[in-house]
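The sequence and the structure are shown first.

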Amino acid sequence: MRIIQTIFWSIICSFSIDAKIVSTLELNTTRIGIVLIFISKDCPCSKGNLSYINSLAKEFTDFNFVAIHSKKNVSNEEVQTYLQDKNLSFDTVNDSSLKLADTYMALKTPHAFILKGDTVVYNGGITNTTG
């Protein structure tokens, strides 16, 4: 049943998702929500938090985790090269047009959004540290 997460799906379905970055973006609809995490290959904070984000995805299996690589004009190949040794347990979408970042008003990377149904229940950083 794909009725839940309609905000996310109406936006993401308009994207061309390259098979090199994500073979299939298929969300498990029995899970209670989606965790969207905006990242960038050039952001030290994104780089420093990827293993922590991966551990969260493994711990909170009742959520779908999706990384959104958000940097203007970055090719799918560049994102793939960056992610090839990261062993992430969740899919990544390349948002090189910044449409998703603009829609969700992601201000930094990493920037997390937790969606339950059509409601954003969390919008903020990955940890409570400041840099």
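## Loop residues with positive phi

Asn-87 is located in the loop that connects α3 and β3; helices (H or I, at least four residues) and strands (E, at least two) are DSSP runs, numbered from the N terminus. Although Asn-87 is not a glycine, its phi is positive, at about 50 degrees. Asn-87 counts as exposed because its relative accessibility is 61%. In these terms, buried means under 20% relative accessible area, exposed means over 50%, and partly exposed lies in between (1.4 Å probe, protein chains only).

A positive phi is also found at Asn-73, a residue other than glycine, where the value is near 60 degrees. Asn-73 belongs to the loop between β2 and α3, and with a relative accessibility of 66% Asn-73 counts as exposed.

## Basis of the model

The model is predicted: local features need pLDDT of at least 70, side-chain atom pairs count only at pLDDT 80 or more, and totals for chains, interfaces and linings use all residues. Residues are numbered from 1 along each chain as its sequence is written, and side-chain values use heavy atoms, with hydrogens and water left out.

## Overall organisation

The chain contains four helices and five strands. Read from the N terminus, the elements follow the order α-β-α-β-α-β-α-β-β. Of the 131 residues in the chain, 44% are buried. The chain exposes about 7200 Å², of which carbon and sulfur atoms supply 51% (Shrake-Rupley method with a 1.4 Å probe; for residues, only the protein chains shown count as cover).

Contact here means heavy atoms within 4.5 Å. Among contacts between residues at least 6 apart in sequence, 76% join residues at least 24 apart.

β1 pairs with β2 in the parallel sense over seven bridges; two strands are said to pair if DSSP finds at least two bridges between them. Leu-36 has Val-66 in β2 as its bridge partner. Together, β1, α2 and β2 form a right-handed β-α-β unit, a crossover being right-handed if, with the strands pointing away from the viewer, the path from the first strand over the helix to the second runs clockwise. β1 also pairs with strand β4 (residues 111-116), in the antiparallel sense and over five bridges. In that pairing, Val-35 stands opposite Ile-114 of β4.

## The nonpolar cores

In soluble globular proteins, nonpolar side chains tend to be buried together. A nonpolar core is defined here as a set of buried Ala, Val, Leu, Ile, Met, Phe, Trp, Tyr and Cys residues joined through side-chain atoms within 4.5 Å. The largest such core has 18 residues, and Ile-37, Ile-39, Phe-65, Leu-83, Phe-90 and Ile-126 touch the most other members. At least two residues of this core come from each of β1 (33-39), α2 (44-59), β2 (63-69) and α3 (76-83). The element that gives the most to this core is α2, with four residues. Another core lies apart from this one and has twelve residues, including Ile-34, Leu-100, Ala-106 and Leu-115.

Which residues does Ile-126 contact, leaving aside its neighbours within four places in sequence? Ile-126 is in contact with Ile-37, Asn-49, Tyr-52, Ile-53, Leu-56, Pro-110 and Ala-112.

Asn-49 is part of helix α2 and counts as buried because its relative accessibility is 16%. A polar atom of the Asn-49 side chain lies 2.8 Å from the backbone oxygen of Cys-45. Not counting residues up to four places away in sequence, Asn-49 touches Pro-110, Ile-126 and Thr-127. Pro-110 lies in the loop between α4 (99-104) and β4, and a cis peptide bond with omega of about -5 degrees joins Thr-109 to Pro-110.

## Asp-91 in strand β3

Asp-91 is located in strand β3 (residues 91-94). Asp-91 counts as partly exposed because its relative accessibility is 24%. Asp-91 and Ile-68 are separated by 23 residues in sequence and by 8.6 Å in space, C-alpha to C-alpha.

Definitions and conventions. A polar contact is a pair of N or O atoms within 3.5 Å; within protein, one must be able to donate a hydrogen and the other to accept it, and residues adjacent in sequence count only if both atoms are side-chain atoms.
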